[in-house]
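Subject: Structure handover

Hi,

Here is the structure I promised you. Please open it first, then read my notes below.

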Amino acid sequence: MKKIKVNLGEKSYSICIQNGILSSAGRIIKSLHIAKACYIITNKKIKSLYGDKLSRSISAAGMDAAFCIVPDSERAKSHLSWFKVLENLARFDKGKGVCVIALGGGVVGDLAGFVASTYRRGVAFVQIPTTLLAQVDSAIGGKVAIDMDFAKNLVGAFYQPKVVITDISTIKSLPKRQIRNGLAEIIKYGVILDKKFFSYLEKNVSKIMNFNRICIEDMVTCCSKLKAEVVAADEHEKLGYRSILNFGHTIGHAIETASAYKKSINHGEAVAIGMVAAFDISLMLKMTKHSIAQRVEGLIKQVGLPVSVSGLGLKDVLNAIAFDKKIVKGKRRWVLPIDIGHVVVCDKVPQDIIKAAVLKRFN
Ligand SMILES: NC(=O)c1ccc[n+]([C@@H]2O[C@H](COP(=O)([O-])OP(=O)(O)OC[C@H]3O[C@@H](n4cnc5c(N)ncnc54)[C@H](O)[C@@H]3O)[C@@H](O)[C@H]2O)c1
Ligand SMILES: [Zn+2]
């Protein structure tokens with residue numbers, strides 16, 4: 001088992017990564033002495049795939065378990081869904097001392113974390129991520145949230161889990177498009193933090209796409225380590241460092257907003273386009289070289305992610321950039337690449353350059 005520590009003082013926790021670790025989840029949770037009973041938030045599909053394995057392992061460790069099934073979509077992150085889950089949790093708890101477990105992707109993780117952070121002013125929380133995106137990104141770092149009608153993740157908290165249990169075998173049941181969704185964030189880690197890791201990805205793309213167990217485990221472990229380091233250095237995104245994780249996300253989010261979260265484009269696809277557009281901006285500002293931008297675009301294409309978008313309005317994308325909720329003190333933070341493994345955060349990008357970069361990525 002690979003174990004990575006997220007160093008946050010009293011709130012420190014481990015990310016445990018292994019193929020098949022789900023059957024040891026009960027033992028791991030029990031050893032933390034955080035609860036007598038487990039309230040597992042998941043959806044119907046994930047329960048049918050992994051619910052039995054998890055509940056058997058919890059029973060074997062001598063704890064009670066109950067499932068709470070939420071819708072299989074972003075709808076699970078509505079305030080109505082959040083409150084319904086809280087009501088069911090209160091009925092199950094009755095003073096037992098519960099921990100909330102998220103068994104699923106980022107949607108389940110964000111909702112379950114927000115439930116754990118708000119129930120009884122905070123109960124123990126465990127992340128068991130089952131999508132590649134959740135394993136390398138959303139399950140680590142303690143950002144939990146639900147959505148409002150007009151904006152995603154607007155109501156939330158920083159609430160760290162007690163442990164993250166990452167069973168890489170669970171991603172075998174994911175559709176290829178969901179694997180690519182996670183790969184966009186994975187490529188992002190290489191670009192912002194680690195040139196060696198980026199080269200590793202270039203060398204091993206086909207093994208990764210064919211689910212080579214060792215490659216997947218190495219890749220998930222490396223990304224977990226990178227994200228853990230960023231979070232430990234700037235847990236609440238106060239120092240500006242954590243914002244490097246938003247590389248590719250300014251234009252990416254705007255594309256998602258302009259497409260009104262249509263199924264035609266998912267988060268990873270939008271981030272992939274956002275990353276190449278950020279390179280376009282850097283190139284226009286003469287901050288990076290064509291050869292570097294081409295290398296990154298090459299890897300993005302190789303994993304089957306898009307580098308341009310069609311069917312959207314340019315104005316809608318530019319408006320969405322203008323209203324990005326990540327604007328800090330009236331300034332938008334752009335994460336711009338210099339080299340692979342080196343980005344800078346900057347708040348002064350001329351409007352005509354932003355427009356030209358977006359336009360370049362329109363079909
Ligand atoms: N908290 C954070 O730091 C953070 C970071 C990034 C994204 N997010 C949030 O994460 C969410 C997106 O997460 P996601 O990409 O994991 O999507 P998701 O949770 O919607 O999962 C994608 C799909 O895969 C299914 N699924 C999950 N595990 C499966 C498995 N093992 N086999 C087969 N199907 C499986 C789900 O039911 C769903 O249909 C968004 O709400 C986003 O806001 C949060
Ligand atoms: Zn993202």
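First, a definition. Ala, Val, Leu, Ile, Met, Phe, Trp, Tyr, Cys and Pro count as nonpolar. Asp, Glu, Lys and Arg count as charged. The others, Gly among them, count as polar. Also keep in mind that this is a predicted model.

**The shell around ligand 1**

How many residues surround ligand 1? There are 26, and the closest are Asp72, Thr130, Thr131, Lys143 and Ser173. Now apply the definition. Six residues of this shell are nonpolar, eleven are polar and nine are charged.

Some side chains make polar contacts with the ligand. Threonine 130 has a polar side-chain atom 2.8 Å from a nitrogen atom of ligand 1. For lysine 45, a side-chain N or O atom is 3.2 Å from an oxygen atom of ligand 1. For lysine 152, the distance from a polar side-chain atom to an oxygen atom of the ligand is 3.4 Å.

How much of ligand 1 does the protein cover? On its own, the ligand has 870 Å² of accessible area, and the protein covers 87% of that.

Which elements give two or more residues to the shell? They are helix 2 (44-60), helix 4 (106-118), helix 5 (132-138), strand 8 (151-158) and helix 6. Helix 2 gives the most, with four residues.

**Two domains**

The domain assignment gives domain 1 (2-173) and domain 2 (176-360). Their centres, taken over C-alpha atoms, are 26 Å apart. The domains also touch: 29 residues of domain 1 are in contact with 31 residues of domain 2. Ligand 1 involves both of them. Its shell draws at least three residues from each domain.

**Arginine 180**

One residue to look up is arginine 180. Where is it? Arginine 180 is in helix 6, which spans residues 176-193.

Is arginine 180 buried, partly exposed or exposed? Its relative accessibility is 22%. Buried means under 20% and exposed means over 50%, with partly exposed in between. So arginine 180 counts as partly exposed.

What does arginine 180 touch, leaving aside neighbours within four places in sequence? Its contacts are Met209, Val303, Gly304 and Leu305. Arginine 180 and isoleucine 300 are 120 residues apart along the chain, yet their C-alpha atoms are separated by 9.4 Å.

Best wishes

Terms used
Residues are numbered from 1 along each chain as its sequence is written. Chains are lettered from A and ligands numbered from 1 in the order in which they are written. This is a predicted model: local features need pLDDT of at least 70, side-chain atom pairs count only at pLDDT 80 or more; totals for chains, interfaces and linings use all residues. Side-chain values use heavy atoms; hydrogens and water are left out. Buried means under 20% relative accessible area, exposed over 50%, partly exposed in between (1.4 Å probe, protein chains only). Contact means heavy atoms within 4.5 Å. A residue is near a molecule or strand if one of its heavy atoms lies within 4 Å of it. A polar contact is a pair of N or O atoms within 3.5 Å; within protein, one must be able to donate a hydrogen and the other to accept it, and residues adjacent in sequence count only if both atoms are side-chain atoms. Accessible areas come from the Shrake-Rupley method with a 1.4 Å probe; for residues, only the protein chains shown count as cover. Domain bounds come from an automatic or database domain assignment.
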